[in-house]
Amino acid sequence: MKLISDRSLIGRNRRIVTFMLESNDVLIETAHALSGVFEQTCAIIRTPFGEHRMPAEKCRDLQSMYDSLSEVNITGIEIGEGKGRSDLFFLLDNTSKDLTCIGPLEYNFYALLKESGLSFTL
């Protein structure tokens, strides 16, 4: 991935960091890596036909994700906490090939991505 934007919404105390997915970044594998951030992951799969919720147990298993999504025309995936409240979530856009990270103003998304096994460049 390649960092393309890091901006803050000071009035809302939010930070938005955007990365461009490169040709070697696989959408499902990126979503799987990010699902490990949450206690009970909630993934919303967007297709041309609407939005579909993926059960948390499928998000934790890469093979299950591949089996479930292999023949689906994915336009995007939203990943967040499925239980309680969390200020952190991720948007993977398969059309624009972007990963958008949204969270608290002081959150360190760069460390989180590295801890999740993902890499990026400037």
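Reader: In which strand is Thr41 found?
Author: Thr41 is found in strand E3; strands (E, at least two residues) and helices (H or I, at least four) are DSSP runs, numbered from the N terminus. This is a predicted model, where local features need pLDDT of at least 70, side-chain atom pairs count only at pLDDT 80 or more, and totals for chains, interfaces and linings use all residues. Residues are numbered from 1 along each chain as its sequence is written, and side-chain values use heavy atoms, with hydrogens and water left out.

Reader: Why is Thr41 called buried?
Author: Buried means under 20% relative accessible area, exposed over 50%, and partly exposed in between (1.4 Å probe, protein chains only). Thr41 has 3%, so it is buried.

Reader: What does the side chain of Thr41 reach at 2.6 Å?
Author: The backbone oxygen of Ser35. A polar contact is a pair of N or O atoms within 3.5 Å; within protein, one must be able to donate a hydrogen and the other to accept it, and residues adjacent in sequence count only if both atoms are side-chain atoms.

Reader: Which residues does Thr41 touch, not counting those up to four places away in sequence?
Author: Among them are Ser35, Ala56, Cys59 and Ile79, where contact means heavy atoms within 4.5 Å.

Reader: How many bridges join E3 to strand E5?
Author: Six, and the two strands run antiparallel. Two strands pair if DSSP finds at least two bridges between them, so E3 and E5 pair. Ala43 has Ile79 as its bridge partner in E5.

Reader: What do E3 and E4 form?
Author: A hairpin, with two residues between them. Five bridges join these antiparallel strands.
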